[in-house]
Amino acid sequence: MAAPETAAGGAAEAASGFLGFGPSSRDPGRQRSRRAGGLGARSRKKGWKRWRGPEAQLGRELGCWLEEAAAELRHLGGPVSEKPNEGLFFVDTGNEVKDLKQNRGKEKPLRIDLILQPDSKVPPPKDILAHQIPNGRKLKRKQRLWEQLAEEGVVPRKERLLQEKLKKPAAAKGSSVEAACGSPSPAKEFYDIWSDSNPLDQALASKDSWFLEQTKKQPVKRPDRLKKAPSQLPAVEVISPGGSYNPTFQSHQALLLQAHEIELKRQKAEEKLQRQLNFPTAAEAPTQETVFREQCEGLLEEDSGDEEGQARVAEEGEPPEKEPPAADSASAPGVAAGEKKTERQRKKEKAAKRLKSRELSEKAARRRRQELFQLRSIGLQVKRREAELLRRKQARQAQREAEANKPKRLGRLKYEDPDLDLQLSTELADSLRTLKPEGSILKDRFKSLQKRNIIEPRERAKFKRKYRLKYVEKRAFREITL
């Protein structure tokens, strides 16, 4: 039944020719429905009837007016009707200078300042109840008491002690820690808590290190390695003159030569790796004879020596003379091995030993006497030796300094110098407007951190698939037959 009524209502509205300004506009000549006429739906609660009538309408209008008045008080500080025109509008002349003169003092603050300001223009309440603060009544009574005592000339103990400290002369530097770090005093000098002459650490200066370590009062000592820079290289290195936007011919050619040498070295390394990885050709392939000879390397060394000796004997025709066995130093001439020496033989041996030692001592004394005449040459040798040691020391120092400036091996990857940023002779621009930028500032800073041993050399993380791809043939594709 509702559909025919709706259709009839739409036809009647179209016949009347009423054109509303919004979707909620209603034709005044149209008959009101049961719901719009105020009767309400049959299932509506009877308690809702209190919102009907002029009293309910007046209450709604009053509520809306109160909300608008509260919003105006919050945002504008008062009703809009009471605000002057200068506070609500400003003059726009089209010229910024004239606008500033005309609207002086009316500049709109920044958005960040507006966010930080309180939203409400209603001032906060000043008279906070006593029960909202712990011991509020007691504190108020105490405050009133001190105000009465201050009128009589009585000062609290803390203020009295502070005034006495101010009257005393300032303590000399290096005094006790209590004088420097006692109660807050306006006359106390400032000090750096990180300096070595910190008054907070003076109380621990005369204590034993073992006592400080056991009582855990000893400050942590900064390691010496943290005081040194990881590398002596500058943070920003100046490029060669050939990398300028307007380089000279010589400097640009020197830069091109440097880049050519780097590329040539890289190409040689690639060729060497390719030669090592190439499979040998048929002519270079190993045979059974070469494999057997390689396996026998070092096994026939003694046999070859004997064969060479026999061949030499055959050519000369005479056997090689055998060396006589070395005589025992303990055995005397004419005494067979294992026989007991006589007294005479022992005396002869002792006399020969004494004679030999005397000759050696005389020879050493004679050599020392001769060295007196070689003082000049000995001095020259000492100077040469010292000069050589100094040269080696300087070389080691220079090598140590050169290695200190080189990037260290901090990770599994080795540092590689970035490619030189250069332009060919045909790419040089005539003016700065047509200059083409080379390189990247981000990559340059990243490589600089690696070169100065601040971070380890890194490479881009590679995507590693956790599971192997599984290829599935869809049923729709499988059903297609050609």
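Which residues make a nonpolar surface patch, and of about what area? I found Leu76, Val80, Leu88 and Phe89, making a patch of about 340 Å². Before going on, I note that this is a predicted model, where local features need pLDDT of at least 70, side-chain atom pairs count only at pLDDT 80 or more, and totals for chains, interfaces and linings use all residues. Residues are numbered from 1 along each chain as its sequence is written, and side-chain values use heavy atoms, with hydrogens and water left out.

**Nonpolar patch.** My patch rule takes residues with over 30% relative accessible area and no salt bridge, joining like charges within 9 Å and nonpolar side chains (Val, Leu, Ile, Met, Phe, Trp, Tyr) within 5 Å. Areas are Shrake-Rupley with a 1.4 Å probe, and for residues only the protein chains shown count as cover. I looked up Leu88 and placed it in helix H3, residues 85–88. Helices here are DSSP runs (H or I, at least four residues), numbered from the N terminus. Leu88 has a relative accessible area of 35%, so I log it as partly exposed. That label sits between buried (under 20%) and exposed (over 50%), with a 1.4 Å probe and protein chains only.

**Positive patch.** Next I went after charge, counting Lys and Arg as positive and leaving out His and the chain ends. I place each charge at NZ for Lys and CZ for Arg. Arg137, Lys138, Lys140, Arg141, Lys142, Arg144 and Lys158 form a positive surface patch. Which helix gives the most to the positive patch? Helix H6, residues 136–152, does, with six residues. I checked Arg144, which lies in helix H6 and is partly exposed at 47% relative accessibility.

**His252.** Buried or exposed, I wondered about His252? His252 turns out buried, as its relative accessible area is 4%. I find His252 in helix H10, residues 249–277. Setting aside neighbours within four places in sequence, I get contacts (heavy atoms within 4.5 Å) from His252 to Gly242, Pro247, Gln423, Leu424, Ser425 and Leu428.

**Salt bridges.** I searched the whole structure and got twelve. The criterion is a side-chain nitrogen of Lys or Arg within 4 Å of a carboxyl oxygen of Asp or Glu. I looked up these pairs:

- Arg391 and Glu388 meet at 2.5 Å, N to O. Both lie in helix H14 (residues 375–405), three residues apart, about one turn of the helix. I have Arg391 as partly exposed at 46% and Glu388 as partly exposed at 25%.
- Glu349 bridges to Lys341 at 2.9 Å, N to O. Glu349 is partly exposed, at 23% relative accessibility.
- Arg458 pairs with Glu456, their closest N and O atoms 3.1 Å apart. Arg458 is partly exposed at 47%, and Glu456 is partly exposed at 31%.

I also found Glu263, Arg266 and Asp419 joined into one network by salt bridges that share partners.

**Glu263.** Glu263 is partly exposed, with a relative accessible area of 44%. How many residues apart along the chain are Glu263 and Asp419? They are 156 residues apart along the chain, yet I get 9.4 Å between their C-alpha atoms.

Methods: Helices (H or I, at least four residues) and strands (E, at least two) are DSSP runs, numbered from the N terminus.
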